[in-house]
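Here is a short briefing on one protein model. Keep the sequence and the 3D view open while you read.

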Amino acid sequence: MIELKTPKEIEAMKPAGRFVGSILRDLRNSVKVGTNLLEIDEFVHKRIMDRKGAESCYVDYAPDFGTGPFAHYICTSVNDAVLHGVPYDYDLKDGDLLSLDLAINVDGWVGDSAISWVVGTKQDPEDLRLIKCTEEALAAGIDAARSGNRLGDVSCAIGDVAREYGYPINLEFGGHGVGRIMHGDPHVPNDGRAHHGYKLRPGLVIAIEPWFLKTTDEIYQDPKDGWTLRSSDGSRGAHSEHTIAITEDGPVILTTRD
Ligand code: MG
């Protein structure tokens, strides 16, 4: 069921969004070559503990697409891993493509956001192009998230950017409704038909999250941890996500990083 939020509820969601955004911003500024993925996880754990009313959406999360409850505070996906990456004992290397995905509940409302970048100085132009594509697709999706448009317009705007860049699109995992819980209706696929689907209206809050792999749309679940989704051909992936609210005045990003 798709739930619409009142303007007051959207206001109440802002602290969660800003908290998630501030943690991702701080990690973007501090993670470097040699940082261990478990340190990133511990950083987020500490931030959540220090914030009154904050609770991880990930710890003990046990949906049907994972194996058993998730036991960490953030998803860290490196290189051929693109979604749901379980942090493990790994020191980041120069040139690694890192994607962080973070969802936190603050005072009963969830914010969900993801960012990708290349760590260190070995910046492969192909990696940067892939990341730029997910960021542009996210911006295009947000811009289409306007009252009177349809959900297919958001999906199509995302898909058009991927097509322009020549990247394949996986339709299984995409955006979703956000509110009291992390994953709600509607599903927001990363491609679709313009002018089709649910009619967007003020009060709809969704996470828009384009993620693409360079040369495939196929993923597999890493049997070692039962969660991390990797590309079937070893090619790298990138992921950009914001939680946004559709208002009378257009889309508002709740997970800003400023
Ligand atoms: Mg997310």
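Is Arg47 buried, partly exposed or exposed? Arg47 counts as partly exposed, because its relative accessibility is 21%. Keep in mind that this is a predicted model.

**Salt bridges**
- The structure holds 13 salt bridges.
- One of them joins the side chains of Arg47 and Asp26, at 2.7 Å from N to O.
- Arg47 sits in helix H2 (residues 37-50) and Asp26 in helix H1 (residues 7-30), so this pair ties together parts that are 21 residues apart in sequence.
- Asp26 is partly exposed, at 21% relative accessibility.
- Arg146 pairs with Asp143, with the closest N and O atoms 2.8 Å apart.
- Both ends of that pair are partly exposed: Arg146 has 35% relative accessibility, and Asp143 has 46%.
- Lys224 bridges to Asp222, with 4.0 Å between the closest N and O atoms.
- Lys224 is exposed at 76% relative accessibility, whereas Asp222 is buried at 4%.
- Shared partners link Asp80, Asp222, Lys224 and Arg230 into one network of salt bridges.

**Magnesium site**
- The magnesium ion has three protein donor residues: Asp101 (OD), Asp112 (OD) and Glu241 (OE).
- Asp101 belongs to strand S4 (residues 97-106) and Asp112 to strand S5 (residues 109-118), so the two tie together parts that are 11 residues apart in sequence.
- Asp101 is buried at 9% relative accessibility, and Asp112 is buried at 2%.

**A three-stranded sheet**
- An open sheet of 3 strands runs in the order S3-S11-S10, with antiparallel pairing.
- Strand S3 (81-83) and strand S10 (219-221) are the edges, and each pairs on one side only.
- From one strand to the next, the twist averages 45 degrees.
- S3 and strand S11 (residues 229-231) are joined by 2 bridges and run antiparallel.
- Leu83 stands opposite Leu229 in S11.

**Cysteines**
- The disulfide count is 0.
- Cys75 is in no disulfide, and the nearest cysteine sulfur, in Cys57, is 11 Å away.
- Cys75 is buried at 6% relative accessibility, and Cys156 is buried at 15%.

Key
Residues numbered from 1 in each chain as written. Predicted model: local features only at pLDDT ≥ 70, side-chain atom pairs only at ≥ 80, totals over all residues. Heavy atoms only, no water. Donors = N, O, S within 2.8 Å, 3.2 Å for Na, K, Ca; no water. Helix = DSSP H or I, 4+ residues; strand = E, 2+ residues; numbered from the N terminus. Buried < 20%, exposed > 50% of the residue type's maximum accessible area, 1.4 Å probe, protein only. Pairing = 2+ DSSP bridges. Axes fitted to C-alpha atoms, helices over the stretch in contact; angles between N-to-C directions. Disulfide = S-S within 2.5 Å.
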